[in-house]
Amino acid sequence: MNFWRAYGATLKAALSDFGALLLLVVAGIAYSFFYPLPYQPEQVQQVPVMVVDLDHSSASRQLTRFALAHPQLRVQQVTGELAEAQDALWRGAIDGVLIIPRDLRKNLLAGRPASVQLVGNGAYFLLNRTVLSGLAEAAGTLSAGIDIRRLEAKGQSGAQAAQTRAPLQFLSRPLFNVSEGYGSYVVPAVSILIVQQTLLIGMGLLFGTWAENGYGSAPATRGFGAYLGMLAAFASIAFVNCLYFFGFVFWFQDYPRGGNLGGMLLFAALFCCMVAACGALVGSFFKEREQALAVLLFTALPMLFLTGFSWPPEALPWPLSWLRLALPSTPGIQGLLALNQMGASLHEVRTELAHCTALLAIALTLGYARWRVLARG
Amino acid sequence: MPRPSAAFKRSILREWRYLRAHPLILALASWLPLLACAIMWGIFSAGMPRQLAIAVVDQDQSVLSHQLTRMLAASPGLRIALHAATVDEALAAVRGRSVAGAVVVPSDFTRSIKHGGQATVLLYHDAQFATHSGLIARDVRGVVGTLSAGVKIATLEKRGESRLAAVARFEPIQLKLTTLFNAQLDYESFLAGALLPALLQIFAMTAAVWAVGRELRDATVPDWLQQADGSLLLAVSAKLAPYMAAYTVLAWLDLLWFTQLRGFEIAGSGWTLYLGSALMVAAYLLLGTMAVALGRGMRTGLSIAGFYTAPAFAYAGQGFPILAMPAAARLWANALPLTHYLQLQNQQWMMGAPAAYSLPHLAVLALFCVVAALIGVPLMAGLAHDESAWGAR
C-alpha cells in the first residue's frame with residue numbers, strides 16, 4: 001500500500017514540477033531529433049581531394065578519371081604543383097592528395113616498378129580513411145587492368161588472369177550495422193545515455209528541491225516500501241523513454257533494431273530500476289535544486305567513452321577499467337546494444353545482467369541508508 | 001569620483017567569498033574539471049588499441065591456413081582469443097562481445113589455390129563497435145594481402161619469372177599510402193586532444209550561468225550591483241574574471257600537457273593556439289551570461305547551457321566531419337565556438353599551417369564574445385532592475 005501511494009505521489013511530484021518535467025520528458029524527445037541530425041547521411045562521401053599530376057600522360061589522365069568517378073572523392077583540381085596541394089590542405093580546402101610521379105606511363109610500358117602516392121589528412125581519421133580507401137580503389141582499378149592485360153599477353157585467359165592476380169581475396173562482412181553507418185554506430189548507444197542522464201539529472205533536481213525544505217515535501221519519507229515505490233515511479237518514467245527511443249526513434253532513423261524484443265524489454269526494465277536507484281543515491285548529495293544540472297552535465301562525455309563501444313576497454317589504464325564498472329551506463333549500453341542491435345540472447349548478455357543487478361543492489365542499499373538519515377532528520 | 005578598480009576588486013572578492021562558502025561551485029571551477037580532463041585523457045592515453053580479440057574458424061586446417069593463423073597472431077593489433085570449430089560458435093562469441101571479429105577460412109581454401117583459382121578469406125566484424133571493427137578489418141586485410149602477395153610471387157616464380165622480377169612486378173602500380181600530420185593514427189592526440197576542450201566548454205558555460213544566474217535566483221542583485229558601483233558591465237566583468245582565469249589556466253595546462261609532456265609538439269604557431277583557447281573560454285563565459293539573460297533565470301539558463309554544450313562535441317566535426325553533415329547541422333556546428341576552436345587547434349597543433357590561415361578562426365571566436373556580450377549585458381541590465389525576474393526556480 002505504502003509502495004503504491006509513494007509511487008503515485010512521486011509521479012505527481014515529478015510531472016507537476018516544470019523543471020523536472022522538462023528534463024524527464026521533454027529533453028529526451030528534443031535530443032532524439034537533435035542528436036542524430038549531424039549523422040543523417042551516415043557515410044562520408046565526396047571528400048575534396050587534389051590530383052598532383054607530374055606525369056601528364058594518358059595513364060595519369062586515366063587515373064584521374066578513375067578518381068573523378070569514385071563516389072568517396074571529389075576532385076577539386078588537377079595541378080602540376082605540389083606546393084598548391086600543400087597549401088590547400090592547410091587552408092582546409094582539401095583533405096587528400098593523389099600524387100602521380102613523373103614517368104609513370106614510361107615505367108608501366110617498360111614493365112618497371114611504378115608507384116603513386118596517396119596522401120590523407122591524418123588530423124581527421126574518418127576523412128583520412130575515406131580518402132585513402134577511395135584513392136586506393138581508383139589506383140587499384142588501374143593497376144588491376146594493367147596486370148590482367150599483362151597476364152593475358154603471357155597467354156592466360158581473362159578468368160585465369162583475374163585469379164593469378166589475387167590468389168587470396170579478402171571479403172569483409174560487417175555484422176549488425178551492415179551499412180557501417182556512423183549514425184547507426186553512435187546514436188543507439190547515446191540514446192541509452194540520454195535516458196540515463198535525463199533521469200539522473202531530473203532526479204537530482206527534485207532531490208535538491210526537497211533538500212531545500214528539509215525533505216518535508218518529499219513523497220516517500222517513511223519505510224522501505226515507500227522508498228521502493230518512489231524509485232519505481234522514476235524507473236517507470238525512464239522505461240517509457242526507453243520504449244520511445246527503441247521503438248519510435250530507431251524506426252524513424254532506420255537504425256538496426258529489434259534484435260531480441262523480449263530480452264530487451266526485460267533488460268530495459270532492470271536498467272531503469274538500476275538508474276533510478278543510482279539517481280536516488282547521487283541525488284541525496286544535492287542540497288540545492290539546480291546543483292544537479294550544473295554538476296552532472298559534464299559526466300556524459302567520459303561515461304560514453306568508458307562504455308567500451310567506441311573505445312576498446314582493453315585499451316584503458318587499469319584505474320579506469322575499475323571506474324567503468326561503477327557506472328550504470330557501462331552494463332546498460334553494452335547489454336542494450338547487444339539485445340537491440342546484435343540480436344543477442346539473454347544468455348549472451350548474462351554478464352551485463354549480473355552487473356546491473358549488482359549495481360542495483362549496491363545503489364539501493366547505500367541510497368536507502370542515506371535516505372533514512374536525510375528524510376527523518 | 002569612485003575608482004573603478006576598487007569596485008572591480010570588491011566585486012571579485014565578493015565572488016571569491018561566495019565560492020569559499022559553496023565548495024561544490026568552487027569545485028566546478030577547480031578540481032572537478034581537472035579530474036574530468038585527467039579521466040578523459042587517461043581513457044585514450046594508450047594511443048592505439050592493441051591486441052583486439054578475434055576468433056578464427058579454420059575449416060581447412062592446412063599448411064597455408066596455419067600460416068595465415070600464425071600471421072594473424074603475430075599482428076600487434078590482433079589477438080586470437082578463440083579458435084572456433086564452427087562459424088556459429090564464433091558468431092555467438094561476437095554477440096557475447098568476447099571477440100569483435102571472426103576470420104573464417106573455408107574448407108576448400110588450399111584446394112582452390114592449388115588449382116590456380118582464387119580462395120576467399122572471410123572476416124565477420126562487429127560493425128556496431130566501429131572502432132574495433134575498422135581496426136580489425138584493416139589488420140586482417142593487411143595480413144591477407146601480404147599472404148596473397150607471397151602466394152602470387154611464388155606462382156610467378158613457378159611460371160618462370162626470376163624472384164627479383166616477380167617481387168618487383170607483382171603489382172603494376174604500387175601504392176604508397178601516407179597519413180599526414182598524425183601518421184601513427186594516434187587516438188590520444190586525435191580524440192583526447194579534442195575532448196578536453198569539449199569538457200572545458202561545458203564547465204565554463206555552466207559556471208557562468210551559475211555565477212550570474214544566482215544573483216537573480218537569490219534576489220541579491222542590489223548588493224551585487226552596489227559592490228560594482230551600479231555598473232552592470234563592471235559587475236559582470238568582475239564576476240566572470242575568476243572563472244576566466246581558472247578555465248584559461250586549465251585550457252593552457254591541457255595544451256602544455258599534450259605538447260610538452262606527451263610529446264605532441266605544436267607543428268605551427270603556438271601563440272594562436274593559446275590565444276584561441278583563451279578566446280574560446282571567454283566566449284563560453286559570455287554565452288553563459290547571455291543564456292541567463294535569455295532564459296530570465298538560472299535554471300532555464302542551465303537548461304540552455306546543457307542543450308548548447310552537451311552535444312557540441314558531436315557537432316564540432318572532429319569525429320564525424322562537418323562536410324558530411326546536412327546543411328542544418330552544418331549551420332548549428334558553426335554556431336558553436338568549440339567548432340571554430342577545434343579547427344584552429346587542428347590547423348596549428350597537428351597540421352602546422354601558417355598562422356595567417358587561423359586568423360579567421362580567431363576573429364570568429366572574438367565575434368562570439370562580442371555578440372554574446374552585446375546581447376547578454378543589456379538584457380541582464382534590464383533583468384537586474386526587474387524584480388519580477390528575481391527568485392525564479
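How much area is buried between chain B and chain A? About 10,000 Å², with carbon and sulfur atoms giving 66% of that. Keep in mind as you look around that this is a predicted model.

Start by colouring the two chains separately. The contact takes in 119 residues from chain B and 112 residues from chain A. On the chain B side, pick out Gln128(B), Ile173(B) and Phe320(B): they lose the most area to chain A, together 8% of what that side buries.

Next, select Arg393(B) and Glu290(A). They form a salt bridge, and their closest N and O atoms are 2.8 Å apart. Across the whole interface of the two chains, the rule finds 7 salt bridges. Now highlight helix α7 of chain B, residues 130-158: with 14 residues, this helix makes up the largest share of the side of chain B that touches chain A.

Then switch to a cartoon view for the sheet. This open sheet has 5 strands in the order β2(A)-β1(A)-β3(A)-β4(A)-β5(B), with mixed pairing. Its edges are β2 (73-79) of chain A and β5 (173-180) of chain B, each pairing on one side only.

Zoom in on Gln117(A) in β4(A). Its bridge partner in β5(B) is Lys176(B), while Ile99(A) has Gln117(A) as its bridge partner in β4(A). β4(A) and β5(B) run parallel, joined by 8 bridges, whereas β3 and β4 of chain A pair in the antiparallel sense over 4 bridges.

Last stop: select helix α6 of chain A, residues 125-153. This helix lies across β1, β2, β3 and β4 of chain A together with β5 of chain B, running at about 165° to β4(A).

Definitions and conventions
Residues numbered from 1 in each chain as written. Chains lettered and ligands numbered in written order. Predicted model: local features only at pLDDT ≥ 70, side-chain atom pairs only at ≥ 80, totals over all residues. Heavy atoms only, no water. Pairing = 2+ DSSP bridges. Helix = DSSP H or I, 4+ residues; strand = E, 2+ residues; numbered from the N terminus. Contact = heavy atoms within 4.5 Å. Axes fitted to C-alpha atoms, helices over the stretch in contact; angles between N-to-C directions. Buried area = accessible area lost by both parts, 1.4 Å probe. Salt bridge = Lys/Arg side-chain N within 4 Å of Asp/Glu carboxyl O.
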